[in-house]
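Hello,

Here is the structure you asked about. Please open it first, then read the notes below alongside it.

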Amino acid sequence: MELLDFKEKIDLKQLEKVANCIKKGKLVVFPTETVYGIGTNAFDEMAVSNIFKAKGRPSDNPLIVHIANFKMLDELVTNVNEVEKKLMKAFWPGPLTIILPKKDVLPQNVTCGLDTVGIRMPNNDIALKLIKMANVPIAAPSANVSGKPSGTTIEDIYLELKDKVEYMIDSSITNIGVESTVVKIIDNEVVILRPGKISPDDIKKVGVNVKLHDHLFKNININDRVESPGMKHRHYAPSTKTILVDGVDNEKTCDKIFKLLDENKTKKIALLSYEENKKVFDNFDIEYLSLGKMGDLNVISQNIFTNLRKVDKLNVDFCIVQGVEKEGVGIAIMNRLTWACEYNVINV
Ligand code: TXA
Ligand code: MG
């Protein structure tokens with residue numbers, strides 16, 4: 001495995017080598033604006049099957065296919081409707097994955113046998129150049145072992161995936177930090193299957209109807225039929241038992257956390273809360289990790305997965321995370337936190 005440092009600038013010669021690797025069906029870790037992806041040639045069935053192996057990914061959880069232009073889109077899907085066109089115009093390149101009817105050119109394992117495929121055009125220079133140079137669409141899930149928080153820094157991904165890929169491209173922490181918004185258009189309405197940086201309000205502004213899928217904050221049974229298979233698999237979970245304490249009033253929420261800490265003085269606890277709250281918990285002998293400043297949802301989202309990964313290195317008995325407001329990208333953060341704590345939520 002070769003690690004390429006593109007933090008300062010992109011080395012086009014090196015990128016050409018990575019693109020050739022992709023074309024030949026080798027696996028590569030590359031940045032997008034959301035999280036790192038582990039990608040390969042979407043037309044190569046064997047290569048795609050190696051992605052599932054590398055991640056230990058359940059074989060019923062389809063991959064997203066990344067494109068760099070609309071010519072690639074035409075090769076992959078059919079019957080794009082007006083609502084879908086509006087979304088592409090407004091948000092591509094960007095953190096929006098649209099589920100579309102697929103053509104037969106894609107191997108079955110990319111979509112796990114579904115007749116639809118998730119497509120996105122990432123808004124990241126390295127990713128776009130890589131797709132163009134490889135001249136094939138890139139099938140890529142998030143770069144992490146299945147069930148672990150998605151990788152947003154190479155440091156977090158390195159040990160997990162270094163033996164599984166030919167190249168890793170390091171471009172520092174990814175911008176957004178949570179994965180793309182996944183939508184499917186059902187009866188002319190945009191249904192959000194996975195929330196992300198592009199929020200229901202952003203989508204509404206384009207002049208289309210939008211709703212969050214009812215499954216987003218619910219505990220889903222493994223045998224339930226769901227619109228997006230990724231919803232029912234254990235996701236984003238640190239190994240450490242995690243409790244989410246959520247409330248609109250910061251003071252009351254802190255009181256509740258204070259009580260929990262008081263009741264568990266013999267335990268080793270990690271607390272993920274706002275920067276401003278650090279002093280409130282000064283008297284407790286705990287591991288304090290800052291989510292970011294209150295209301296600074298972009299910083300909180302950028303660091304959320306790397307923070308969850310830090311928790312596992314602290315060797316604590318359990319972790320308490322304070323919830324954030326369910327607004328904008330906050331909806332995505334809360335969705336990931338709900339999964340991280342496996343529905344162990346205390347509402348204040
Ligand atoms: O931001 C992102 O989307 C990142 C970067 C690398 O692009 N990728 C990513 O991929 O998060 P992954 O595989 O970790 O998540 C893909 C999600 C899963 O929840 C999957 O179930 C859903 O998209 N999905 C993919 N194809 C689908 C389809 N045909 N129908 C419904 N859901 C689909
Ligand atoms: Mg993932």
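Asp-125 and Lys-129 sit four residues apart in helix H6 (residues 125-134), so about one helical turn separates them. Their side chains meet in a salt bridge, with 3.2 Å from N to O. Asp-125 is partly exposed, because its relative accessible area of 45% falls between the limits of 20% and 50%. Lys-129, at 29%, is partly exposed as well.

Please keep in mind that this is a predicted model.

A search of the whole structure gives 10 salt bridges. One of them joins Arg-120 to Glu-33, with the closest N and O atoms 3.0 Å apart. Arg-120 belongs to strand E6 (residues 116-120) and Glu-33 to the loop between strands E2 (28-30) and E3 (37-41), so this pair ties together parts that are 87 residues apart in sequence. Both Arg-120 and Glu-33 are buried.

Glu-179 and Arg-336 form another salt bridge, with a closest N to O distance of 2.8 Å. Glu-179 is in the loop between strands E8 (167-170) and E9 (181-186), while Arg-336 is in helix H11, so the parts tied together here are 157 residues apart in sequence. Both Glu-179 and Arg-336 are buried.

Arg-336 also has a polar contact, 3.0 Å, between its side chain and that of Asn-335. Asn-335 is in helix H11 (residues 329-340). Is Asn-335 buried or exposed? Asn-335 counts as buried, because its relative accessibility is 0%. Leaving out residues up to four places away in sequence, Asn-335 touches Pro-195, Leu-216 and Phe-217.

Lastly, salt bridges link Asp-5, Lys-7 and Asp-170 in a network.

Regards

Note on methods. Residues are numbered from 1 along each chain as its sequence is written. Chains are lettered from A and ligands numbered from 1 in the order in which they are written. This is a predicted model: local features need pLDDT of at least 70, side-chain atom pairs count only at pLDDT 80 or more; totals for chains, interfaces and linings use all residues. Side-chain values use heavy atoms; hydrogens and water are left out. Helices (H or I, at least four residues) and strands (E, at least two) are DSSP runs, numbered from the N terminus. Buried means under 20% relative accessible area, exposed over 50%, partly exposed in between (1.4 Å probe, protein chains only). A polar contact is a pair of N or O atoms within 3.5 Å; within protein, one must be able to donate a hydrogen and the other to accept it, and residues adjacent in sequence count only if both atoms are side-chain atoms. Contact means heavy atoms within 4.5 Å. A salt bridge is a side-chain nitrogen of Lys or Arg within 4 Å of a carboxyl oxygen of Asp or Glu.
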